[in-house]
Structure formats: C-alpha cells, structure tokens
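Hi,

Here is the structure I promised to pass on. Have a look at it first, and then read my notes below.

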Amino acid sequence: MNNRKDTGPTGTPNTNEERGLHFSFSLWLHELREFLKGRFSLEEDKAQRDEVVANISKGVEFHGVNLWVLIFATLIASLGLNVNSAAVIIGAMLVSPIMGPIMGIGLSLGINDFELMKRSLRNFVLMFIVAIITSTLYFFITPLSSNSSELLARTTPTTYDVLIAFFGGLAGIVAQTRQDRTSTVIPGVAIATALIPPLCTAGFGLATGQFRFFLGAFYLFFINSVFIALATYLMVRFLKYEKKVFIDKVRERTVRRLMMAITLITFVPSVVIGVHMVRVSIFESSVDRYVAQVFNFPQTRVIECTKHYAGGRRHPQIELLLLGETLSSEVVENARAQLAGFGLSDAELIVRQTSGEDRIDVASLQQSYGELLEEKNRRIGEMTSLLQRYRVTNVEVEDISREMGALTENIRTVSLMKGITFDVSGIPGDTTLVCVVTPCDSTRPVDRETLVRWLRVRTRVDNVKLFVEP
C-alpha cells in the first residue's frame, strides 16, 4: 500500500486538506504581522517632519533664557553634588536644557542638514564651556569641598551609562516626533541620561586640582552625548525623514563628505568605548563568580577584591586580600589553575595574606569581642542598679490628697515629696517621704500618728516626715 501523497512541481502539497492548512497558517502569519505592525507603529500622532526639525532647532540655540537656565541648572546641580543630595541633582536635571544641541547633532546627521549641524556643534561647545566655567567658579569659592558619593559616582562610566544614554536618546527623539509633547518622556530622559552632573563634577575637578575627576567626568559626559546623538540619528533614519537636497551638486558632495567625516569622528569612538566597557563588565562579572566559588573557605575570608582590566599587551590583574587562616602555596596555585575555567586565562592572580607569625586568629578575635561585650553589659547593669537607687519616683499626690481628705476632715492642702537622705560624708541612705499638711482650722489638732502610719502603708516608704503648718 502506497501512502505517499502527491505534490506539485514546487513541492507543495496537492491534497485539499494540506492546502487548507497551509492557507490558514499563512493567513494567521499575515494577521499577526498586521497586529504587531499596528501595535508598534509610530505613525499614530506623528508630527510633520518640518515641525519636528523646527522644534529641535529651536532647542539648539543657547542665548537669552536658555543660557541663563543652563547657568542656574549648573549651580543647582553643583549644590546638590556639594551637599550630596540626589533630590537636588534630579531637580537640576529637570531644569537643564542641555539635550537640545545633542539631539540637534543627531538630527542634522540624519537629514543631511549641514547648517543645523554647524549651529548644533557651536551651541554644544558654548554650552559645555558655560557649564564648566560656572561649576568651576562655584566649587572654587564654596567652603565645602569634600568628595561626596554623588561626585564619585560621576567619574567612573560603565556599560550601564552607555545603555541608559542610548535608550534614553531613543525615547527622547520618539517623544519629540509626536504632535503632543506634553508627556513626561522628555523630563524622564533628562533625569535618566544625567548630562549636567558630569559637567559639574568636571568643574569640581578643575577647581580642586583633581584632574582625574575632570577626565572621568568629561569621559562620562562625552559617552552620554555621543550615544544620545547616535540614538537620535538612528531613529530619524528609521522614520525615513527626507534628507536635504542641495541644488549645487559640488557643494552637496563636499557637505556629504564632511558630514560623513563628522559622523565617523563622533560615532566610531562610541563603538570602541562600548566594546571596551562590555569587555570590562564581562571581566568583572567573571571575577566575581571566580572569587565566590574558588575562594570559599570556612576559616578564610576575602575582605577586598581589586580588579584591574587592561587591554592590549598588558594582562588583567585580580588582587585579593585575605583574612583568617593562611592558605598554602598549593591551594593558591590550584586557584590560579582554575582561572581558565572562568574565562580568565590571561588574568594575573595576586593573593595577599598575613604570614604565619602574625596571622589573625578569627576565633580568638571573636572570643575577645565576646568578653568585651560581657564586661560592657556588666557595667551597664551596675549603672542601671545605681540609677534605680538614686531615682526619685513620682508620688500620686492627687490620689493621696483625696484619700487623706476622706481620712480626716481637718485638712485643706497636702504637699508630698520623695527623696534620698544623705549623711555628711555624701553616702546615700534611705528614701524619705516628706508630707506637709495645712489644716482647715489651726486651732483643731491633726492626728499625726494616724496619718504617718497610713502614709507608710500607702506609699511603701518607712521613713515618713509629717509637718503641719500652723
């Protein structure tokens, strides 16, 4: 029996059932494409090209209000970095108009607008100079010049900074190409990309003579700027904005070559920087896994791990500082042999640990701390007991006065005070209760003995002194 089904010349099934299944699957794929196209389409609420170009071109210019707002935003961000306040820094990023020239550079590259490119670059340089001068002057005259955590965070760019700048730039240009620009996207991008704080940190480095701060902060600012411009360029090309056409073909060719050179000068370093940062991140992640798995000893702890990634001919280094039981040379060599298993075959492992003579005994150290804690608790108990002895508790004068009024009729006012009796040498004695009674009628006697006995029982104080005012 032959179960082979006939097929057409192109290998497609000939049976009606199979043709129906093939048609249903093709229809389902078409509907899925249309659904996704409708969901992810950027055509809805899309502004006209000329409107977007005009709006971004307006934000490129730095004069008048924009220039003063930039100066004020720089001062606010410098204050926030100075006092280590993230909230103040976020406020400065919301105020700052610094993204205008950067998006103008990306847009001009995307639409082949040489004039917009020149204006964007000119205002970008002006913005950079004004922000650097403002922050440098502020940090030069401020009495506070400590290295806060917010300042230190703006000196070491990472792969995450590149990704944040790139995706933030994409979100920013998409929001700029919409008819409704009142959304929170632009302020959110300004906060996420964090352009103004690195400029202020660079000014701090110049003002305090710490050029590593200036170089690190400028590096971070350059990365953010380049990747925001790159994201703008890619989105403009994705939206297929019409490029500017020159009537003079010779000028068009010259401008095109110049624009290509500017594009390469701007974006090629970003690729190199991005690749380098990815390698550094992979290296550091591999080191963390290696240290966590290989140097996991019960009596030895890694208290410091320093990672030095070096490209080119230099080998990366992993420097570990160990505390506790000294590891033998065989154990260390075995750890070095496992570097290749974590992708660290080129790395150099440096292990620093205490020698056998001055080795720190973790168990003895814990015992010493335990004894110190016990002594501290004992002293606290003694002081608490002494304090209880000297403490004068409150007497329930209100309740006792009413009860004394019910006990005898010839009492108008009652005054009670409890204290400690000391001898002439300053040694404390018993607690004494002093009661002063004012009678309603001074001619009538007050039953002193009854009141003293009652007060001893009521207040639980044996030494009671009763005085009756005349």
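Before anything else, a word on naming: helices (H or I, at least four residues) and strands (E, at least two) are DSSP runs, numbered from the N terminus. This is a predicted model, so local features need pLDDT of at least 70 and side-chain atom pairs count only at pLDDT 80 or more, while totals for chains, interfaces and linings use all residues. Residues are numbered from 1 along each chain as its sequence is written, and side-chain values use heavy atoms, with hydrogens and water left out.

**A helix to start with**

Helix α11 covers residues 211–238, and its 28 residues reach 40 Å from the first C-alpha to the last. That is close to the 40 Å expected at 1.5 Å a residue (the expected span is 1.5 Å times one less than the number of residues). After α11 comes Lys240, whose phi is positive, near 60 degrees.

The C-alpha atoms of Gly216 and Gly205 are 9.4 Å apart, and the two residues are 11 apart along the chain. Ser225 also belongs to α11, and it counts as buried because its relative accessibility is 5%. What does Ser225 touch, leaving aside its neighbours within four places in sequence? It is in contact with Ile102, Phe124 and Leu195, where contact means heavy atoms within 4.5 Å.

**The whole chain**

Zooming out, the protein chain comes to 16 helices and 6 strands. It has 470 residues, of which 36% count as buried. Take the contacts between residues at least 6 apart in sequence: 73% of them join residues at least 24 apart.

**More on the helices**

How many of the residues of α5 are buried? The count is 13 of the 13, so this helix is largely enclosed by the rest of the structure. From its first C-alpha to its last, α5 reaches 18 Å, close to the 18 Å expected at 1.5 Å a residue.

Most residues other than glycine have a negative phi, which is my reason for pointing it out. Asn112 lies in the loop between α5 (99–111) and α6 (114–141), and at 8% relative accessibility it counts as buried.

Arg460 also has a positive phi, about 60 degrees, although it is not a glycine. You'll find Arg460 in the loop between α16 (448–459) and β6 (463–468). Is Arg460 buried or exposed? It is exposed, with a relative accessible area of 79%.

Then there is Thr74, in helix α3 (residues 65–82). It counts as buried because its relative accessibility is 0%. Leaving aside neighbours within four places in sequence, Thr74 is in contact with Ala131, Thr134, Ser135, Ile196 and Cys200.

**The sheet**

Now for some strands. Three of them form an open sheet in the order β1-β2-β3, with mixed pairing (two strands pair if DSSP finds at least two bridges between them). The edge strands are β1 and β3, each pairing on one side only. Neighbouring strands here are turned by 20 degrees against each other on average, direction ignored; the axes behind that angle are lines fitted to C-alpha atoms, for helices over the stretch in contact, and angles run from 0 to 180 degrees between N-to-C directions.

Strands β1 (residues 300–308) and β2 (residues 317–324) run antiparallel and are joined by 8 bridges. Val302 has Leu322 in β2 as its bridge partner, and Thr300 has Gly324 in β2.

On the other pairing, β2 and β3 (residues 348–352) run parallel, joined by 5 bridges. Glu319 has Ile350 in β3 as its bridge partner. The chain gets from β2 to β3 through helix α13 (residues 329–337), and this β-α-β crossover is right-handed: with the strands pointing away from the viewer, the path from the first strand over the helix to the second runs clockwise.

Cheers

How values were computed
Buried means under 20% relative accessible area, exposed over 50%, partly exposed in between (1.4 Å probe, protein chains only).
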